Amino acid sequence: MREVDLAVVGAGPAGLTAAIEGAKRGCRTVVLDMNPRPGGQLIKQIHRFFGSREHRAGTRGIEIADSLFHEAASAGVEVMVEAEVYAIHDSTLEVVAQTNEDSLVLLSEEATTSRSRPLSIAARRIILATGGAENALNFAGWTLPGVMGAGAAQTMINLWRVLPGKKILMVGAGNVGLIISYQLIQAGGEMVAVIEATSRIGGYGVHAAKISRAGVPILTSHTIISASGESRVERAVIAKVDASWRIVSGSEQELEVDTICIAVGLHPNARLASLAECELCYSPSLGGWVPIHNSRMETTISGIYIAGDLSGVEEASTALEEGRLAGICAAASLGKERAGDYDDIKAIEGRLLGLRSGPFCQHRQDAKQELIGIGEAQCPKQ
Amino acid sequence: MRVVHHPILGDLPKVRQVKIWVDGKEITAHKGEPIAAAIAAAGIKIHRYTTKREEPRGVFCGIGQCTDCVMIVNGVPNVRTCITPVTEGITVETQHGAGRGGR
């Protein structure tokens, strides 16, 4: 069995930064990712990021993914793609992954799934950075082909360069709904409307302005009633909702669409953490069931750490910081500390506090503090 | 429909093409892309029919999490087409139910 100091699951922003910090401190580090390329969802983010320079504002997500991968590779991290982790045996922290013989070293464009084989890795520490998963929305016809997650449509257009449909309805006007609507227009799709059940647009004004300028109506206080068609989406019925979320009768309107994208939030993808028997708790502000963790990002299972959307759905910027935090702490628990770790951790905590402040984000800071409070009581003591 | 021109990503790069067979029909796919992308480009939306009610299903999550898009690939049922790359000459079939007895 292969032995490593640190096995990281997920090569998105959190997993890659965690691996970089671990490797920089002398940990033999491997990152496993089920996708053919590293970068997680960053590789679909063709827009420029917001925020501060230290969080790479002004840079497109795809560029951040590339630079993180190169940083990881030069730090000595081994990134395995098309490697799907399907078991963690907690007694030995054994990771069992289904992988492809060709995928051990990366960026093989020739990679295929035809020679996949199981692989076991004994890891002294594990960092789970499995990200988030899109929420579904239940309405009549929601299972028809043509109804899909907004992220699925984004993957199709920006990664695979295929438009999933021609006339599209977006459900949800948060940042995901707004940004992907604009990207669907850039890919040549026709956005029929963006609807939002609450009375206000949830995402940034600049994203809303872009699609408004393109002539796409953003209908607040509107919900979807149904999707229908012959074995596929051919139309949607939407309607107004009042302040108590009741449908305003007579406000129904039918839209001719072939695709309905659902952008109603994400939840932590806690399947593997759950399988590893990490205890979860329910936190609406963090997206749902989330593994309990302490201030060092360690879960209730000794030696298993988490970072990124798995530890609460936030943004790529927070994932980058949490990944670094988890990597530093996991390395330190193996005695691989570095002078300046304390200052690094304080700096990361300061930046996280900044990212979680302000009227839109304070609730996440409060929820995170509550989660860490539970974690300090329940997670193993160092 | 392929996104050939794109204001940020530029023109679609030339890639090697492969032929795949979907329910007996030949489709041209781009090497390295997942089966789901290839068949979406060909306008196919229905991947399978459910076991009890025989309802149609297509791509939902697009990243291997939900298993809605599974089909029979080279005789193997329940293959997640959104994360399985095309290779030359593979056969892809619409799946009915759990796809047992797939050839």
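Trainee: How do α4(A) and α5(A) cross, and at what angle?

Mentor: Bearing in mind that this is a predicted model, the axes of helix α4 (residues 175-186) and helix α5 (residues 205-213) of chain A come within 9 Å and cross at roughly 35 degrees. The crossing of α4(A) and α5(A) is left-handed.

Trainee: Which residues of α4(A) and α5(A) meet there?

Mentor: From α4(A) there are Asn175(A), Leu178(A), Ile179(A), Ser181(A) and Tyr182(A), and these meet His207(A), Ala208(A), Lys210(A) and Ile211(A) of α5(A). Sorted by class, the contact of α4(A) with α5(A) comprises five nonpolar residues, three polar and one charged.

Trainee: And Tyr204(A), where is that placed?

Mentor: Tyr204(A) sits in the loop between β10 (190-196) and α5 of chain A. Its C-alpha atom is separated by 6.4 Å from that of Asn175(A), although the two residues are 29 apart along the chain.

Trainee: Why does Tyr204(A) count as partly exposed?

Mentor: Because Tyr204(A) has 15 C-beta neighbours inside 10 Å, and the partly exposed class lies between the cut-offs of 12 or fewer for exposed and 20 or more for buried.

Trainee: Switching to sheets, what is the strand order in the open sheet of five strands?

Mentor: The order is β8-β15-β9-β10-β11 in chain A, and the pairing is parallel. β8 (147-149) and β11 (218-220) of chain A stand at the edges with a single partner strand each, so one side of each has no neighbour in the sheet. On average, neighbouring strands of this sheet are turned by 20 degrees against each other, direction ignored.

Trainee: How many bridges join β8(A) to β15(A)?

Mentor: Three bridges, in the parallel sense, join β8(A) to strand β15 (residues 259-262) of chain A, and Gly149(A) has Ile262(A) in β15(A) as its bridge partner.

Trainee: Which strands does α3(A) lie across?

Mentor: Helix α3 (residues 150-159) of chain A lies across β8, β9 (167-171) and β15 of chain A, and it runs at about 85 degrees to β8(A).

Trainee: What about the sheet of three strands, is it parallel or antiparallel?

Mentor: That open sheet, with the order β12-β13-β14 in chain A, has antiparallel pairing. Its edges are β12 (222-228) and β14 (253-256) of chain A, each with a single partner strand, so one side of each is left without a neighbour in the sheet. The twist from one strand to the next averages 30 degrees.

Trainee: Stepping back, which domains does the assignment give for chain A?

Mentor: The assignment gives domain 1 (2-133 + 266-378) and domain 2 (136-262). Their centres, taken over C-alpha atoms, are 31 Å apart, and the contact takes four residues from domain 1 of chain A and six residues from domain 2 of chain A.

Trainee: Last one: how many residues does each chain give to the contact of chain B with chain A?

Mentor: Chain B gives 30 residues and chain A gives 31 residues. On the side of chain B, α1 (35-41) and β4 (56-57) of chain B are the elements that give two or more residues, and the largest share, three residues, comes from α1(B). By class, that side of chain B has 17 nonpolar, eight polar and five charged residues.

How values were computed
Residues numbered from 1 in each chain as written. Chains lettered and ligands numbered in written order. Predicted model: local features only at pLDDT ≥ 70, side-chain atom pairs only at ≥ 80, totals over all residues. Domains from an automatic or database assignment. Contact = placed C-beta atoms within 7 Å. Pairing = 2+ DSSP bridges. Helix = DSSP H or I, 4+ residues; strand = E, 2+ residues; numbered from the N terminus. Axes fitted to C-alpha atoms, helices over the stretch in contact; angles between N-to-C directions. Nonpolar A, V, L, I, M, F, W, Y, C, P; charged D, E, K, R; others polar. Left-handed = near helix turned anticlockwise from the far one by under 90°.
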